[in-house]
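Please keep the structure open while you go through the points.

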Amino acid sequence: LHSGPVTAGVLRGDRARFQLFGDTVNTASRMETNSRQGMIHLSQDTADLLIAAGKESWLTARLDLVTAKGKGEMQTYWLNSGYEEYGPSNITDIARAFVNEE
């Protein structure tokens with residue numbers, strides 16, 4: 001996950017589809033190539049939002065820097081599942097933290 005500005009639109013053709021464009025989407029895509037199956041990979045910008053929401057305990061800093069094409073080296077994080085501590089409702093807490101509803 002990466003947080004930042006995007007442009008959105010519906011592309012028409014044989015099938016209309018919703019698309020997101022911008023550097024934020026490109027950064028998230030480049031991070032995906034350095035991620036691990038079954039884990040949620042977060043950028044520094046997304047981690048900063050969680051920290052500001054008081055959810056620093058949800059983060060584990062990745063020990064190595066990620067090299068992303070066109071971005072250079074990036075400090076990234078893994079999202080702790082929290083499932084053991086909070087149970088399934090933790091997903092709602094994560095969503096609320098991202099939209100600042102708490």
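The points below go from the overall fold to single residues and charged pairs.

1. **Basis.** This is a predicted model: local features need pLDDT of at least 70, side-chain atom pairs count only at pLDDT 80 or more, and totals for chains, interfaces and linings use all residues. Residues are numbered from 1 along each chain as its sequence is written, and side-chain values use heavy atoms, with hydrogens and water left out.

2. **Overall layout.** The chain has four helices and seven strands. Both are DSSP runs numbered from the N terminus: helices are H or I with at least four residues, strands are E with at least two. Read from the N terminus, the order is β-β-α-β-α-β-β-β-β-α-α.

3. **Burial and surface.** Of the 102 residues in the chain, 26% are buried. Here buried means under 20% relative accessible area, exposed means over 50%, and partly exposed lies in between (1.4 Å probe, protein chains only). The accessible surface of the chain is about 7100 Å². Carbon and sulfur atoms hold 51% of that surface. The areas come from the Shrake-Rupley method with a 1.4 Å probe; for residues, only the protein chains shown count as cover.

4. **Contacts along the chain.** Take the contacts with a separation of 6 or more: 48% of them link residues 24 or more positions apart. A contact means heavy atoms within 4.5 Å.

5. Strands β1 (residues 7-11) and β2 (residues 17-21) run antiparallel, joined by five bridges. Two strands pair if DSSP finds at least two bridges between them. Ala8 has Leu20 as its bridge partner in β2. Val10 stands opposite Phe18.

6. **A nonpolar patch.** Which residues form the nonpolar patch on the surface? They are Val6, Val10, Phe18 and Leu20, with about 380 Å² of accessible area together. Patch members have over 30% relative accessible area and no salt bridge; like charges are joined within 9 Å, and nonpolar side chains (Val, Leu, Ile, Met, Phe, Trp, Tyr) within 5 Å. Val10 itself is partly exposed, at 47% relative accessibility.

7. **Val25 in helix α1.** Helix α1 covers residues 23-32 and includes Val25. This residue is partly exposed at 28%. Leaving aside neighbours within four places in sequence, Val25 contacts Val6 and Leu20. Val25 and Leu1 are 24 residues apart along the chain, with their C-alpha atoms separated by 9.0 Å.

8. **The three-stranded sheet.** An open sheet runs in the order β3-β7-β4, with antiparallel pairing. Strands β3 (41-42) and β4 (59-61) are at the edges with a single partner strand each, so one side of each has no neighbour in the sheet. Three bridges link β4 to β7 (residues 77-79). Ala61 has Tyr77 as its bridge partner in β7.

9. **Leu65.** Leu65 sits in the loop between β4 and β5 (66-68). Its relative accessible area is 42%, which is partly exposed. Beyond four places in sequence, Leu65 touches Glu73, Met74 and Gln75. Leu65 and Gln75 are ten residues apart in sequence and 5.2 Å apart in space, C-alpha to C-alpha.

10. **Salt bridges.** The whole structure holds two salt bridges. The criterion is a side-chain nitrogen of Lys or Arg within 4 Å of a carboxyl oxygen of Asp or Glu. One joins the side chains of Asp23 and Lys71, at 2.6 Å from N to O. Asp23 lies in helix α1 and Lys71 in the loop between β5 and β6 (72-74), so this pair ties together parts that are 48 residues apart in sequence. Asp23 is partly exposed at 45%, and Lys71 is partly exposed at 31%.

11. **The other pair.** Asp64 forms a salt bridge with Arg62, with the closest N and O atoms 2.8 Å apart. Asp64 is partly exposed, at 37% relative accessible area. Arg62 is buried, at 11%.
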